[in-house]
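Me: I've got a model open and want to talk it through. Can we go over it bit by bit?

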Amino acid sequence: MNTEDIKYQKAKKRVEEIRGFYAHLGVYVLVNSMLLLLNITTSPDILWFYWPFFGWGIGIAMHAAYVFGFGRWFGPDWEEKKIQEIMDEV
């Protein structure tokens with residue numbers, strides 16, 4: 001593989017990670033909207049919709065941190081760079 005192929009594969013993987021996050025976010029918004037409507041229509045005096053909203057929200061936040069934050073710093077690319085750095089020291 002030449003460098004262009006490697007760059008293409010890395011870019012493709014990155015786009016797949018971003019697309020996966022947006023799909024997860026879309027399902028989160030859709031399902032939690034339906035839960036809110038269900039809660040308001042069936043038992044408006046007892047609000048329970050926020051439990052799955054916050055619980056799943058933690059998962060969304062972690063997914064976002066992986067895709068846009070920590071995953072970029074400590075993901076496979078970081079490992080590859082760190083291995084190369086250590087090999088250059090030895």
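Me: Is Phe21 buried or exposed, going by relative accessible area?
Reply: First, this is a predicted model, where local features need pLDDT of at least 70, side-chain atom pairs count only at pLDDT 80 or more, and totals for chains, interfaces and linings use all residues. Residues are numbered from 1 along each chain as its sequence is written, and side-chain values use heavy atoms, with hydrogens and water left out. Buried means under 20% relative accessible area, exposed over 50%, and partly exposed in between (1.4 Å probe, protein chains only). Phe21 has a relative accessible area of 7%, so Phe21 is buried.

Me: How are the rings of Phe21 and Tyr22 arranged?
Reply: Rings of Phe, Tyr and Trp (its six-membered ring) pair if their centres lie within 6.5 Å; planes under 30 degrees apart count as stacked, over 60 as edge-to-face and the rest as tilted. The structure holds 8 aromatic pairs. For Phe21 and Tyr22, the centres are 5.6 Å apart and the planes sit at 55°, so the pair is tilted.

Me: And what about the rings of Tyr50 and Trp51?
Reply: Their centres are 5.2 Å apart. The planes meet at 40°, so this pair is tilted.

Me: Which residues form one aromatic cluster?
Reply: One member, Tyr28, is a buried residue of helix 1. The cluster is made up of Tyr28, Phe53, Phe54 and Trp56.

Me: Which residue caps the N-terminal end of helix 1?
Reply: Look for a side-chain oxygen 3.1 Å from the backbone nitrogen of Glu4. That oxygen belongs to Asn2.

Me: Which element gives the largest share of the nonpolar patch?
Reply: The patch covers about 690 Å² and is made by Leu36, Ile40, Leu47, Tyr50, Trp51, Phe53 and Phe54. Helix 1 and helix 2 (50-68) each give two or more residues to this patch. The largest share, 4 residues, comes from helix 2.

Me: Does Leu36 count as buried, partly exposed or exposed, and what is the relative accessibility?
Reply: Leu36 is found in helix 1. Its relative accessibility is 32%, so Leu36 counts as partly exposed.

Technical notes. Polar contact = N/O pair within 3.5 Å; in protein donor to acceptor, adjacent residues only side chain to side chain. Patch = residues over 30% accessible without salt bridge, like charges linked within 9 Å, V, L, I, M, F, W, Y side chains within 5 Å. Areas by Shrake-Rupley, 256 points an atom, 1.4 Å probe, with all protein chains shown as cover. Salt bridge = Lys/Arg side-chain N within 4 Å of Asp/Glu carboxyl O.
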